[in-house]
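Take a look at the structure first.

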Amino acid sequence: MRLLLAFMLMAVPAMAQQRVVNVYNWSDYIDPYAVARFERETGIKLLYDVYDSLEILEGKLLAGKSGYDVVVPTSEPSFSKLVRSGALLPLDRAKLPNAAGLDAALMQQVATSDPGNAHGVIYLWGTIGLGVNEARLRAVAPDAPRDSWDLLFKPEWARKAARCGITMMDSAIDVIPTVLKYLGKSPDSADAGDLALVEKTLKAIRPAIRSFASGGAIETMAAGETCVVLSYSGDVIQAAARAEEAGKGVKLRYIAPQEGAQLWFDMLAIPKDAPHPAEALEFINFILRPDVMAGITNQVRYPNAIPATAKDIAPDIAGDPGVYPPAEQRARFFTIGPVPPEAARARSRLWARFKGNG
Amino acid sequence: MRWLLGPSWVWLLLFVAAPAAILAGIGLLNPADTVPPLAGPIGLGGYGGLADPFYLRACLGSLAVAAVTAALCLLLGYPMALAIARSARRRLLLLLVMVPFWSGILLRLIAWIGIFRDEGLLNSALRALHLSAEPVPLLHSDATMLVGMVYCYLPFLILPLEARLATADRRLEQAAADLGAGPWQVFRRVTFPLSLPGVRAGLALVAIPVSGEYVIPELLGAAGTPLIGRVIWDEFFQSGDWPQAAALATTLLAGVLLPAALLQRRRPR
């Protein structure tokens, strides 16, 4: 018996020699080749798990002891909330030499969510805009504006577009700032009057909205079931790529409307109670390597924040203004700040009333 | 023999009473930017916010859905339970009622999405029959949600009801018929009253979980139907207010348990 116990105790350090890192990322959001390469080059076993909503990630991290070593929260609201709650480990920059290759201007834009960029580095980024199935939209609304939020938020255009189907992402935190911006208000406004205007604008187009998508937007779009979608840039661009592969003649385009499109960043971060922080840093540093990062962008069609990847990006992706927007478009992008709890509740109520109005 | 009950008491204490007590306790705290997102002092906490009419509406909405689902399950399930109880192939039929449990509920709901969606089975059939040129939007409506609810919870009504019907004394029905009662009268005056405990158990087994159901309305229901399950989810995940969510969940639990306990008490022994 005692011998058995001794063996068991000896087995523990032997098992610990297999280094592991537990990564928790969005679904459909990595280059499978990068995973294989990381394991081969570092000898660290990568356990990869996915989520499809920030709420799940936030819930797990705020409860503590999630067991994950690397997570990828979006700058607002999740990343900033995790930073404020002390749920993330400050990153040891000495262990992240590749972070020097990050675009300073983009990192500066995330600093509103994470003062001094202490807790995260940009993984991928994008905007929130419109996905359009041009052929079907032309059939029902040939003269509707294409570069403006008016297409969706003006009832007369929305009514026309509704005949070929409008899908909106089911995400108050993403849509409400966009409507505020469209109305000429601050996207962070918690003012009751501003929110009432947002509600009025949304309710006016509610009958035109066929469905609310959480995660499933790519499929409905690629299948050609809807012709106007309010969603993340990369989702539309992925859907366009899938539609092309399917070869059924469905052509999709991403539009970042001229009134302004919300910019977001997905951040690589380490939970405070991560069981393997050293391996987590190694993983993040590996991901930030230009050749690895280029492979990820080529796979998932979201832009990264490492300028040195430019030469390795496939020409059709590098030349797509939806993925890499031209400078004059980028000037119109906006970021949002943290939402205080009371405002968050007011917004989620507004959202529930809006959806229920159909 | 009393000690045999021990394990079930331990089970109840560890996995029912303790989590419920923790939940009720979280409701007494306040939200905060910490891990976990809770802070003292202990006070009214989330219970103070319960008076919001928004919550009451969601509760009533959920109760209405639970009542309609339970009623539909009874209408559909009673004839099925009776037929199974009287069938020579009773075991096989009971097995068939339970077959759906062998696969995950999510998988089965996604199959329903495949039936109802715009390019789905039903719409393809409508088009093939030239009944409709444009796809009829079927998914994400109250009707689709009820189909999903009834589909998922029907076995919970059939099983206890069938057990009761199968063990009822058939000689009472024969006596009623011998004394001149027609088939309808036999059913109304003898079979149905005898099956009432089964009906009650079945209705409770359907209505209680349906009143807090989250997954089915989320996948099949209309976007806006405000149900209490979704409201609790929103408070927890969207507003990040754990005490409010916990207070709501505790109140819902109490609101469901009390009538169930009363029902149990009134049951004839």
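This is a predicted model: local features need pLDDT of at least 70, side-chain atom pairs count only at pLDDT 80 or more; totals for chains, interfaces and linings use all residues.

Residues are numbered from 1 along each chain as its sequence is written, chains are lettered from A and ligands numbered from 1 in the order in which they are written, and side-chain values use heavy atoms, without hydrogens and water.

**Chain A meets chain B**

- Chain A brings 25 residues to the contact and chain B brings 23 residues. Contact means heavy atoms within 4.5 Å.
- The two chains bury about 2300 Å² between them, with 50% of it on carbon and sulfur atoms. Buried area is the accessible area (1.4 Å probe) that two parts lose on being put together, summed over both.
- On the chain A side, E55(A), E225(A) and R349(A) lose the most area to chain B, together 25% of what that side buries.
- Five salt bridges cross this interface. A salt bridge needs a side-chain nitrogen of Lys or Arg within 4 Å of a carboxyl oxygen of Asp or Glu.
- R84(A) and D33(B) form a salt bridge through their side chains, at 3.2 Å from N to O.
- Helices α3 (54-63), α4 (75-84) and α17 (341-356) of chain A each supply at least two residues to the side that touches chain B. Helices are DSSP runs (H or I, at least four residues), numbered from the N terminus.

**Two domains in chain A**

- Domain 1 of chain A covers 2-124 + 264-324, and domain 2 covers 127-263 + 336-356. These bounds come from an automatic or database domain assignment.
- Their C-alpha centres lie 29 Å apart.
- Between them, the domains of chain A bury about 1500 Å², 60% of it on carbon and sulfur atoms.
- In domain 1, E76(A), W264(A) and Y302(A) lose the most area to domain 2, together 41% of what that side buries.
- One salt bridge crosses the interface of these domains.
- D28(A) and R242(A) form a salt bridge, with their closest N and O atoms 3.6 Å apart.

**A covered helix**

- Helix α13 (residues 277-287) of chain A is mostly covered, with eight of its 11 residues buried. Buried means under 20% relative accessible area (1.4 Å probe, protein chains only).
- Among the buried residues of α13(A) are L281(A), F283(A) and F286(A). E279(A) and N285(A) are also buried.

Notes
Buried means under 20% relative accessible area, exposed over 50%, partly exposed in between (1.4 Å probe, protein chains only).
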